[in-house]
Structure formats: C-alpha cells, structure tokens
Amino acid sequence: MSHPIQFVSLGPGDPELITLKGWRQLKGADAVYCPETLTRDGRRLSRAADILLQLGVAEDAIRRFHLPMSKQRERALEAYDRVYAEARQLQARGKRVCIVAEGDAGFYSSIHYIYEKLQAAGVPVTHIAGIPAFIAAGALGGLHVASQEQRLTVMPGNATAEELEHLMADGGTVVIMKLSQCTDEVHRCIGRHPEYTYHYFENVGTPEEVYTCDTHRIAATKFPYFSLLIVQKAHPQ
C-alpha cells in the first residue's frame with residue numbers, strides 16, 4: 001500500500017503546540033526528515049529534531065539533512081533534491097514518510113519546494129497545518145494581533161523603514177518575520193517613530209523565549225535568526 005508523504009508542521013518550538021493530527025502521523029512514520037544546520041564551531045543544531053525527540057519520535061526514525069543557512073539557495077536546493085529522491089523511493093516501497101518544518105510548512109517555509117516537486121511528479125502528498133511563530137508570539141504577549149476591521153500585514157525581513165511607515169499609516173498591525181535580515185531598518189524606524197508600539201520576540205516556544213516592548217532595549221538588540229516583531233500604533237481596544 002502506498003501512503004501519501006506527509007508534510008508535518010511542528011509549530012514554533014513548544015512540542016505541545018503541534019496538532020494531534022501531526023503528532024499521530026509522526027508517531028506512525030517509518031522515516032521523518034528534518035533539517036539541521038552547522039555552526040561555525042562545527043556543532044550540528046536542529047530545533048526540529050529536538051521537538052521530534054520531545055514528542056517521543058524514535059531516534060532511528062529521524063533522518064536529519066544538512067541545510068545551509070545562506071541567501072544563495074543552490075546548496076539548499078541540492079539538499080532538498082536529495083530528500084525528494086529518498087522520500088519518493090521510500091514511499092514507493094510502502095513506507096510512511098514525514099517531512100517536517102517548524103511553524104507551518106506552507107508559511108515562509110522553503111521546504112515547500114519539496115512538496116511542490118513531489119506534487120508535480122504525481123506523488124501523493126498531504127500538508128498538515130501548524131501554528132506559525134507570530135500567532136504563538138501574540139499569545140505570549142497577550143496581544144490582540146488584529147481586531148475588527150484592522151488590517152494585518154505579514155512581511156519577510158526585507159522591510160524598510162519607509163515601507164513600515166506606509167503600512168502603519170492605515171492604523172493596522174505589521175508583523176516582520178526573519179527579523180535578523182533587516183536589523184538596521186527596524187532600528188531606523190524606531191528612531192523615527194517612537195510613538196509606535198514595538199513587540200519584540202525571540203525563540204518563541206522554547207525555554208530561551210524573550211518578549212519585550214521596551215523600545216530602548218529593542219533599538220539596542222542585534223536580532224538573532226529566530227526573532228520577529230509585531231508593530232502597532234497603539235494597543236487595540
């Protein structure tokens with residue numbers, strides 16, 4: 001029997017924020033592919049693998065693959081192509097295969113490249129939804145991220161201070177993901193608009209999570225990879 005390849009969304013970091021549907025698929029999988037990165041001192045890190053182990057997924061079912069953290073996507077695509085080929089072979093042999101992503105697999109997740117390639121090849125695939133980091137961040141901060149007819153804009157880390165000004169002119173809420181890529185622009189916006197409310201988060205859903213709306217502290221912070229910002233003109237009523 002041939003099973004669909006499952007793309008399981010892990011949520012932002014807290015293992016308890018995975019859906020029951022996703023957890024059930026992981027528990028029954030023969031192989032679970034998850035990315036890992038290599039630090040400058042040679043250590044292999046994988047937040048996804050840490051989540052899987054905490055969920056009780058067997059170590060021998062976890063298949064880690066190295067994912068280079070670079071804007072040059074060639075090596076990352078090569079890694080994804082290897083996962084695609086292996087997952088397809090296992091699926092053809094009747095194995096249950098999962099490919100995981102932090103947050104939601106279809107929301108700013110480059111792993112969706114594999115999903116699209118499998119789909120184009122006629123391989124059955126399923127995407128199991130998860131909680132994106134900014135939703136978990138809003139809960140951590142006790143925020144009403146968007147209310148009534150308020151607009152919500154989610155953007156990647158190529159934001160500029162001018163773009164933020166334009167979006168904030170409508171009185172909506174702006175979420176900036178991949179914050180480390182636009183540190184200088186965010187700091188410049190804070191200097192120009194101290195009247196905005198800046199909600200800063202890093203490592204949401206982990207023991208190292210941070211939340212602050214202290215503008216001076218945010219303006220002095222060098223944002224790490226796992227960070228995001230929610231900007232509002234004022235706390236919604």
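Predicted model: local features only at pLDDT ≥ 70, side-chain atom pairs only at ≥ 80, totals over all residues.
Trainee: What makes helix 3 oblique to helix 4?

Mentor: Helix 3, residues 74-92, packs with helix 4, residues 112-120, at an angle of about 45°, and their axes are 10 Å apart. Angles under 35 degrees count as roughly parallel and those from 65 to 115 as roughly perpendicular, and the angle of about 45° therefore makes helix 3 oblique to helix 4.

Trainee: Which residues in helix 3 meet helix 4, and how do they divide by class?

Mentor: L77, Y80, D81, V83, Y84 and R88 in helix 3 meet Y113, I114, K117 and L118 in helix 4. The residues of this contact divide into seven nonpolar, no polar and three charged, where Tyr is counted as nonpolar.

Trainee: Why are helix 6 and helix 7 called oblique to each other?

Mentor: The axes of helix 6, residues 161-168, and helix 7, residues 183-192, come within 8 Å and cross at roughly 55°. Roughly perpendicular begins at 65 degrees and roughly parallel requires an angle under 35, so helix 6 and helix 7, crossing at roughly 55°, are oblique to each other.

Trainee: What classes of residue make up the contact of helix 6 with helix 7?

Mentor: A161, E162, L164 and E165 in helix 6 meet E185, R188, C189 and R192 in helix 7. By class, this contact has three nonpolar, no polar and five charged residues, with Cys counted as nonpolar.

Trainee: Which residues in helix 5 are buried, and what do they pack against?

Mentor: In helix 5, residues 133-140, the residues F134, A136, A137 and G138 are buried, a word that requires under 20% relative accessible area. The buried residues of helix 5 pack against strand 7 (152-155), strand 8 (173-176), strand 9 (197-202) and strand 11 (227-232). Just after helix 5, G142 takes a positive phi of about 65°.

Trainee: How do you know that the radius of gyration of the protein chain agrees with that of a compact globule?

Mentor: A compact globule with 237 residues would have a radius of gyration near 18 Å, and the protein chain has 19 Å, which agrees. The C-alpha atoms fill a box of roughly 60 × 40 × 35 Å along the principal axes, and 46% of the 237 residues count as buried.

Key
Residues numbered from 1 in each chain as written. Heavy atoms only, no water. Axes fitted to C-alpha atoms, helices over the stretch in contact; angles between N-to-C directions. Helix = DSSP H or I, 4+ residues; strand = E, 2+ residues; numbered from the N terminus. Parallel < 35°, antiparallel > 145°, perpendicular 65-115°, else oblique. Contact = heavy atoms within 4.5 Å. Rg over C-alpha atoms; globule rule 2.2 N^0.38 Å. Buried < 20%, exposed > 50% of the residue type's maximum accessible area, 1.4 Å probe, protein only.
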